[in-house]
Amino acid sequence: MKALGISPKCVATLNRTDKHFDAIIDLIKPRGHVALIDDLQGVNIGAIKLKALSYSWEFMFA
């Protein structure tokens with residue numbers, strides 16, 4: 001996506017967020033939004049602070 005000059009403002013991640021979290025944070029625009037439904041394991045959630053990102057974390061069946 002970077003090679004194409006694409007930088008999304010919103011990202012929805014549905015599976016294996018912990019594996020792709022760093023790449024998502026690197027790719028997304030500042031003040032963007034990350035929405036996820038899976039469980040995070042070993043992720044530095046504080047990384048979103050540097051880009052002033054917001055996130056929603058929901059239970060899939062809620």
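Where does L14 lie? Select L14 and you will find it in the loop between β1 and α1, where helices (H or I, at least four residues) and strands (E, at least two) are DSSP runs numbered from the N terminus. This is a predicted model, in which local features need pLDDT of at least 70 and side-chain atom pairs count only at pLDDT 80 or more, while totals for chains, interfaces and linings use all residues. Residues are numbered from 1 along each chain as its sequence is written, and side-chain values use heavy atoms, with hydrogens and water left out.

L14 is exposed, at a relative accessible area of 58%; buried means under 20%, exposed over 50%, and partly exposed in between, with a 1.4 Å probe and protein chains only. Leaving aside neighbours within four places in sequence, L14 is in contact (heavy atoms within 4.5 Å) with I37 and D38.

Next, select T13, which belongs to strand β1 and counts as buried, with 8% relative accessibility. The side chain of T13 makes a polar contact with the side chain of T17, at 2.8 Å; such a contact is a pair of N or O atoms within 3.5 Å, and within protein one must be able to donate a hydrogen and the other to accept it, while residues adjacent in sequence count only if both atoms are side-chain atoms. Not counting residues up to four places away in sequence, T13 also touches several others, among them I24, V34 and D38.

Now select the largest nonpolar core, whose eleven residues are V11, F21, I24, I25, I28, V34, L36, L40, A47, I48 and L53. A nonpolar core is a set of buried Ala, Val, Leu, Ile, Met, Phe, Trp, Tyr and Cys residues joined through side-chain atoms within 4.5 Å. The elements giving two or more residues to this core are α1 (17-27) and β2 (33-36), and its largest share, three residues, comes from α1.

R16, in the loop between β1 and α1, has a phi near 55 degrees, a positive value in a residue other than glycine. A52, in the loop between β2 and β3 (54-57), likewise has a positive phi near 55 degrees. Most residues other than glycine have a negative phi.
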